[in-house]
Amino acid sequence: MKEIWTTMASIMGVWAFCQSLLQTVFPPELRFASFKLFHHFFSFFSSCYYYDITEIDGVNTNELYNAVQLYLSSSASISGTRLSLTRGLNSSSITYGLSNNDRLIDSYKGVTVEWEHIVTQRQAQNFSWRPLPEEKRGFTLRVRKKSKQMVLGSYLDYVMEKANDLRRRNQDRLLYTNSRGGSLDSRGHPWESVPFKHPSTFDTLAMDPVRKSEIMADLLEFASGESFYQKTGRAWKRGYLLYGPPGTGKSSMIAAMANFLGYDIYDLELTEVNTNSELRKLLMKTTSKSIIVIEDIDCSINLANRNNADGGCRKNSFAIASPPGSNVAEAGANTITLSGLLNFTDGLWSCCGSERIFVFTTNHIDKLDPALLRSGRMDMHIHMSYCSSPALKILLKNYLGTEENDPEKEMLEELEGVIEEAEMTPADISEVLIKYRRSRRRAMEELLVTLKEKAEKNKRVESKKKNGDEVEEEEQEKRALDSPLEDGEFKENCSKSEGEDEDEDEADQKMH
């Protein structure tokens with residue numbers, strides 16, 4: 001046994017000596033060149049090609065990597081025996097894919113390809129423009145040489161199309177918001193996301209059905225109009241302006257649009273954007289088939305109408321509204337120009353993606369600059385008004401389950417007769433129905449009382465305003481009539497004084 005250990009020690013010593021000799025005689029550059037030469041030599045006799053698809057391409061995320069990851073996670077193409085299961089925070093579904101450094105076989109039109117998921121540790125970097133993940137991920141695609149053209153031509157396009165379909169049908173829609181101060185996450189994204197689960201649809205939206213049908217038809221025309229936009233030379237985007245009093249359903253309309261088309265939502269908070277460059281970068285990081293939303297644009301920024309005499313935008317710029325008590329000098333640094341916002345919606349940078357919808361909401365459309373409202377930027381203006389009779393029927397059906405042939409038909413007619421005069425928003429009516437939703441009869445009675453009180457209040461306010469206007473008109477007419485009399489009295493007094501002066505002159509002449 002002792003001789004065996006002695007022999008092994010001698011062999012290890014000889015191996016260490018030879019290794020040090022090789023490192024001295026053959027430097028690392030020569031060894032790398034030799035390995036490369038052998039690799040090319042064996043590749044010449046190999047029957048396969050290898051293609052690497054990395055997660056990060058330079059400074060941007062590789063969209064092909066995301067598509068392959070989603071495609072391989074589908075049950076139709078998975079044939080591996082070892083999978084990784086994941087479920088995101090607040091997600092409703094479980095996704096699975098290849099484990100680290102695992103392989104699977106896929107077939108396409110009779111051609112067999114092999115995918116391998118490669119995960120390695122990233123080497124430490126002394127300097128980086130943005131944080132990079134600790135692991136370096138990628139896929140390696142192995143195909144036979146005779147199938148190269150088909151794989152590079154149609155197979156990868158098939159993977160992209162399949163991934164897009166899977167994303168629309170299976171993946172949860174996401175609600176994004178821009179990070180504070182334009183900071184980036186570990187993947188280099190300026191957007192933070194959560195699953196979007198808003199239940200609003202066009203069926204439950206309290207709005208005139210005719211108007212809803214027009215909006216839905218317009219959305220479908222946009223979603224299926226790729227060839228039309230290419231033929232006409234227009235960017236594949238569309239803008240919608242939602243305006244009206246608070247509580248009329250503007251946010252619910254946005255959610256219904258997203259659920260109807262299956263698009264993600266990017267909620268842009270302009271108060272967190274410092275420069276026009278940051279605004280463009282945020283636009284570049286949005287995906288296709290998405291809705292970019294700026295809510296209450298008249299409140300988040302000081303965007304006055306330049307046509308108004310007292311408007312604050314005569315220099316074609318605007319400032320971010322600073323919070324109360326904040327330092328003015330510090331808030332002044334967070335400014336973007338009106339030109340930057342206009343180019344964001346309709347400039348060259350607005351066409352860096354495709355199939356995007358811009359939605360602005362405001363409570364006061366008259367405060368917005370006309371340049372922001374023209375066609376090409378806000379193509380369709382949607383007035384979200386007070387609750388009407390058709391909208392009331394939808395609310396009653398949603399909250400109380402009423403139908404056209406219900407026994408409360410007479411009360412429904414009374415509600416429809418006073419709804420227009422009450423001028424109540426769908427949000428206010430919904431609150432009454434939620435409070436008494438356990439009893440349909442009482443809910444409708446309470447709603448009728450509330451509508452009548454609101455209608456009477458509106459009549460009193462209108463009457464008081466009308467009386468005030470009449471009094472003001474009477475005072476103006478009185479002042480207009482009194483003005484000539486005052487002038488006449490003034491002239492008569494002047495003539496009397498002139499006559500007295502003449503009499504005094506004649507008396508003086510007689511005395512002399």
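The chain comes to 16 helices and 17 strands, where helices (H or I, at least four residues) and strands (E, at least two) are DSSP runs numbered from the N terminus. This is a predicted model, in which local features need pLDDT of at least 70, side-chain atom pairs count only at pLDDT 80 or more, and totals for chains, interfaces and linings use all residues. Residues are numbered from 1 along each chain as its sequence is written, and side-chain values use heavy atoms, with hydrogens and water left out.

**Whole chain**

- Of the 512 residues, 35% count as buried; buried means under 20% relative accessible area, exposed over 50%, and partly exposed in between (1.4 Å probe, protein chains only).
- Among contacts (heavy atoms within 4.5 Å) with a separation of 6 or more, 68% join residues 24 or more positions apart.

**Helices α5 and α7**

- The axes of α5 (residues 209-223) and α7 (residues 250-261) come within 11 Å and cross at roughly 45°; axes are lines fitted to C-alpha atoms, for helices over the stretch in contact, and angles run from 0 to 180 degrees between N-to-C directions.
- The two helices are therefore oblique to each other, given that angles under 35 degrees count as roughly parallel, over 145 as roughly antiparallel, 65 to 115 as roughly perpendicular and the rest as oblique.
- On the α5 side, I215, M216, L219, L220 and A223 meet M253, M257, F260 and L261 of α7.
- By class, this contact of α5 with α7 has nine nonpolar, no polar and no charged residues; Ala, Val, Leu, Ile, Met, Phe, Trp, Tyr, Cys and Pro count as nonpolar, Asp, Glu, Lys and Arg as charged, and the others, Gly among them, as polar.

**The sheet**

- Seven strands form an open sheet with mixed pairing, in the order β10-β9-β12-β13-β16-β11-β17; two strands pair if DSSP finds at least two bridges between them.
- From one strand to the next, the twist averages 20°.
- Strands β13 (residues 290-294) and β16 (residues 356-362) pair in the parallel sense over five bridges, and I294 has F360 in β16 as its bridge partner.
- Helix α5 also packs on the sheet, touching β11 (237-243), β16 and β17, and its direction makes about 155° with that of β17.
- Helix α11 (residues 338-346) packs on the sheet through β11, β13 and β16, its direction making about 135° with that of β16.

**E416**

- E416 lies in helix α14 (residues 409-422) and is partly exposed, with a relative accessible area of 24%.
- Leaving out residues up to four places away in sequence, E416 touches S389, L392 and K393.
- E416 and S388 are 28 residues apart in sequence and 8.1 Å apart in space, C-alpha to C-alpha.
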